[in-house]
Amino acid sequence: MAAGETPVQIVLSMNAYYMIGQGVPIKVAMPKEGAVLGVDTMAIMKGSTKADLAHKFMNIALSPEVQAKIVAAKKASPVIDDAKVSPEDAALPGVFTTKQQWDTQAIVIDDKLRAEKTAEWRKWFTENIMN
């Protein structure tokens, strides 16, 4: 992409915004149908001897202050309702900051379907997009 040899690319929006920040001349666009969400998670392992610290970490990571900083730094959608996001970041394609955006622009693929189809989708992508 940086060399200008790729006319179109499917990429996580926050990765694209990082590349833009590094000077790669690309533009993020979102289809009118919406954007497929990538889901990241946090989990506490069963039997952890540090579960109390893990809960503290999660509470900090999910605080409005930290979520606002993640949006500002990574251009990722906040995962809580009360993060204070700049109007500039809120206007970026793929940054969902309102319930209305989540309801109308986010495409959530069923976990079972994703598990069943991921290998097929990767094969199609490799054959049709990468080649």
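Analyst: Lys75 forms a salt bridge with Asp89, with 2.9 Å between the closest N and O atoms. The term means a side-chain nitrogen of Lys or Arg within 4 Å of a carboxyl oxygen of Asp or Glu. This pair links distant parts of the chain, 14 residues apart. Lys75 sits in the loop between α3 (64-74) and α4 (87-90), and Asp89 in helix α4. Helices are DSSP runs of H or I, at least four residues, numbered from the N terminus.

The model is predicted: local features need pLDDT of at least 70, side-chain atom pairs count only at pLDDT 80 or more, and totals for chains, interfaces and linings use all residues. Residues are numbered from 1 along each chain as its sequence is written, and side-chain values use heavy atoms, without hydrogens and water.

Asp89 is buried, at 9% relative accessible area. Buried means under 20%, exposed over 50%, and partly exposed in between, with a 1.4 Å probe and protein chains only.

Asp89 also touches Val71. Contact here means heavy atoms within 4.5 Å. Beyond four places in sequence, the contacts of Val71 also include Ala76, Pro78 and Val95. Val71 and Val95 belong to the largest nonpolar core, together with Ala16, Tyr17 and Val28. Such a core is a set of buried Ala, Val, Leu, Ile, Met, Phe, Trp, Tyr and Cys residues joined through side-chain atoms within 4.5 Å.

The salt bridge count is 5. Two others lie within helices. Asp103 and Lys99 meet at 2.7 Å, N to O. Both lie in helix α5 (residues 99-105), 4 residues apart, about one turn of the helix. Asp103 is exposed at 51%, and Lys99 is exposed at 60%.

Lys117 and Glu120 meet at 3.3 Å, N to O. They are 3 residues apart in helix α6, about one turn. Lys117 is partly exposed at 28%, as is Glu120 at 47%. Helix α6 (residues 111-130) has a kink of about 55 degrees, centred on Lys117. That bend is the angle between axes fitted to the seven residues ending there and the seven starting there.

The aromatic pair count is 1. Phe96 and Trp102 are edge-to-face, 5.4 Å centre to centre, with 80 degrees between the planes. Rings of Phe, Tyr and Trp (its six-membered ring) pair if their centres lie within 6.5 Å; planes under 30 degrees apart are stacked, over 60 edge-to-face, the rest tilted. Phe96 is buried at 1%, whereas Trp102 is partly exposed at 33%.
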